[in-house]
Amino acid sequence: TISNINSGNNITLGGLIVQGNSTITLTNSSSRTITIANGAGAVDFSINAGAALTMGTNVNITLAAGTASNNTIANINGSLLVTNGRTYNTNNGNVLTTVSGVIQNAGNVTSNAARLLFNNGSMYVHNRAGGNIPLSTWSANSTCKVTGLTNGDAGNDQQAFGNLVYDCPNMTGNRILGGNG
């Protein structure tokens, strides 16, 4: 666990790579945002296969806007865990997050279909009550797993998912699945 990532201000990094079999949790005593700017490397933010990054207490991550000739690129081949109240933002211009691993979301993932791609074999886990499933491009063999819902649906559920797993044993009331869901 890396705690008190910056006691004074938000942080801007040119890049962040989590590799090997690392399991890292970022925490801070007050709310901070790590902005990953468009660095010189081809990939600006990477979680390699076998590695995991947890956005813990008071830590958010934002991918800064890139340029038309140099996009801000994130590759999630391992696991990104967004905890309750935290935000992973991949919604700025000329940004692309490609997921071949797992994003497990108990907080917020901010995106649009042009900026978040789930490859075949990847998984998004919506592990919270309510909230929004991120707007994304879903490959035919990607999976969106919805868990944790109790009495209301998640927003953005009208997307063309590859596979949709609805595992909410504590859900109450009637549910209506739309034509795209």
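User: How many bridges join E12 and strand E15, and in which sense do they pair?
Analyst: In this predicted model, E12 and strand E15 (residues 123–127) are paired in the parallel sense over 4 bridges; two strands pair if DSSP finds at least two bridges between them, and strands are DSSP runs (E, at least two residues) numbered from the N terminus. Within that pairing, isoleucine 103 has tyrosine 124 in E15 as its bridge partner.

User: Which strand do 4 bridges join to E12 in parallel, besides that?
Analyst: That is strand E9 (residues 79–82), which runs parallel to E12 with 4 bridges, and leucine 81 stands opposite glutamine 104 in E12.

User: Switching topic, where does asparagine 94 lie?
Analyst: Asparagine 94 is in the loop between strand E10 (87–89) and strand E11 (95–99).

User: Why does asparagine 94 count as partly exposed?
Analyst: Because its relative accessibility is 34%, asparagine 94 counts as partly exposed, a class between buried (under 20% relative accessible area) and exposed (over 50%), with a 1.4 Å probe and protein chains only.

User: And what is asparagine 94 in contact with?
Analyst: Leaving aside neighbours within four places in sequence, asparagine 94 is in contact (heavy atoms within 4.5 Å) with Gly66, Thr67, Ala68, Asn71, Thr72 and Arg115. The backbone oxygen of glycine 66 lies 3.5 Å from a polar atom of the asparagine 94 side chain.

User: What do the numbering and values rest on?
Analyst: Residues are numbered from 1 along each chain as its sequence is written, and side-chain values use heavy atoms, leaving out hydrogens and water. Local features need pLDDT of at least 70 and side-chain atom pairs count only at pLDDT 80 or more, whereas totals for chains, interfaces and linings use all residues.

Conventions. A polar contact is a pair of N or O atoms within 3.5 Å; within protein, one must be able to donate a hydrogen and the other to accept it, and residues adjacent in sequence count only if both atoms are side-chain atoms.
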